[in-house]
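User: Got a model open here. Can you walk me through the ligand site, the aromatics and a helix?
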Amino acid sequence: MTSAEQDLDPVALATRFPKGFAWGLATSAYQIEGAAAEDGRGRSIWDTFARVPGAIADGQTGDVACDHYHRYGEDVGLMARIGATAYRFSVSWSRVLPAGVGAVNERGLDFYDRLVDALLAAGVKPLINLFHWDLPQALQDRGGFANPEVVGWFGSYAERVATRLGDRVHDWMTFNEPAVFAFLGHADGIHAPGLRDWPTALRVADNELRAHAAASALLRALVRDARIGIAIDVNQVTPATDSDRDRAAAAEWSSARDAWFLDPLFGRGYPQLGLEPHRAAGHLEGVELTDPPAGDIDYLGLNFYRRDSVRARSAEPFDWEIGARPGTEQTQMDWEVAPDGLRDVLLALHAEYAPREIVITENGAAYPDSVDPDGRIRDEARVSYLARHVAAVGDAIAAGVPVSGYHVWSILDNYEWSLGYERRFGLVRVDFATQRRTLKDSGDWYRRLIAAT
Ligand code: FCB
């Protein structure tokens, strides 16, 4: 073996992980389920947003997506074939409560009931995420997450799901990437509900943190041996140059975005360093901010994809250019590949907040895969991305960070939000015309890694 091959060798990598380490796969409801108008499902804000002209790159919706609602049996079979020991999926609030509150749609819950049973029968441990951005439209019509009543709405939704599934599911997550939902959906307008108003975005963030705390307490009361977490996306943030201005901008951005959620979750309230630029930029106009309650989590979920460099265009707050440095290795998302960044973020989270456990709740890469004439998908770039990031997790564990699991985003190529179907993240290729699934080389690589652990 050359040293390059050695680095990709799943058997060698596996020796760096303890037995019992959770090797998982991740998805979310709107991105894979389809069956948008079936069995009583209500409309969500993504059904609405995907129909706004120009909002989605290929003009597509999640109406059909991977048709997982009907093909979940085959998909669980693929998970078993890969040998995954865990599966992180989200529940569609609109399937369970079509109007967001009020009467439960039992047929919606029946689907998740069947899915959980299929997973358990296949030896795959379910991890339920309660919110992956697809708020019922009826609740958006009442102000959505900007309305403080959402704390109660979310709590009763959580209660309903836990009452039905909590006898078999012990691993829970309240929110996926609350910053993306709040900021991209309510300040940048590129995700549902498509608003562009910073004060609204910061109210949404605040209510997410409060809803997390309230729902966690309810889950603890309802689920025996519950393990509760939340998935925060923390990419590595670095100054684009060594100038004082870029260094200040990077520190302020990381505080105004990442610590904005992490500090309150760990009982510290909102961070001063982030408050200043938000205030100076007028983002807090009309917002009365009091510190939300601490999070009470068993594990911190970390979604990690890339390194973001921050360049200050001027001395103004938020006048920052954020992205990959030119000339660096990037995925099809134009995200800078930075496995050392994953190791460093893990070390930094451990040093700063010392969560009891960290679970990598998402990591993966989009590449324009092609199918070879023999039908095989030789996605070497994805194998290399995954191998280097898994190795970085191994480095962090060796340095004493308590990482207990790793979930690849994603098992299936799926609906990549405003980018539609043209960004393939799957270990399994989905031919969206026929819904045919084909395991890629990366899926086989992950299978060998899991088998060797
Ligand atoms: C994350 C999302 C997930 C997926 C990946 C690529 O931000 O949580 O749904 O879109 O990015």
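**Ligand site and beyond**

Analyst: Start with E177: one of its polar side-chain atoms lies 2.6 Å from an oxygen atom of the ligand. A polar contact here is a pair of N or O atoms within 3.5 Å; within protein, one must be able to donate a hydrogen and the other to accept it, and residues adjacent in sequence count only if both atoms are side-chain atoms.

User: What should I know about the model and the numbering?

Analyst: This is a predicted model: local features need pLDDT of at least 70, side-chain atom pairs count only at pLDDT 80 or more, and totals for chains, interfaces and linings use all residues. Residues are numbered from 1 along each chain as its sequence is written, and side-chain values use heavy atoms, with hydrogens and water left out.

User: How far is E416 from a ligand oxygen atom? And N176?

Analyst: E416 has a polar side-chain atom 2.7 Å from an oxygen atom of the ligand. For N176, a side-chain N or O atom is 2.9 Å from a ligand oxygen.

User: Which residues surround the ligand?

Analyst: Q31, H132, W133, N176, E177, Y305, E362, W409, E416, W417 and F425. A residue is near a molecule if one of its heavy atoms lies within 4 Å of it.

User: Switching topic. How many aromatic pairs are there?

Analyst: The structure holds 40. Rings of Phe, Tyr and Trp (its six-membered ring) pair if their centres lie within 6.5 Å; planes under 30 degrees apart are stacked, over 60 edge-to-face, the rest tilted. Y87 and F89 are stacked, 5.3 Å centre to centre with 25° between the planes. Both Y87 and F89 are buried, meaning under 20% relative accessible area, with exposed over 50% and partly exposed in between (1.4 Å probe, protein chains only).

User: What about W253 and W320?

Analyst: Their ring centres are 6.2 Å apart and their planes at 65°, so this pair is edge-to-face. The pair links distant parts of the chain: W253 is in helix α12 (residues 244-265) and W320 in strand β9 (residues 320-323), 67 residues apart. Helices (H or I, at least four residues) and strands (E, at least two) are DSSP runs, numbered from the N terminus. W253 and W320 are both buried.

User: Now α14. Which residues are buried there?

Analyst: P339, G341, L342, V345, L346, L349 and Y353 are buried in α14. They cover an arc of only 150° around the axis, which puts them on the same side of α14. That arc is taken from the directions from the helix axis to the C-beta atoms.

User: What follows α14?

Analyst: A354, with a positive phi near 45°.
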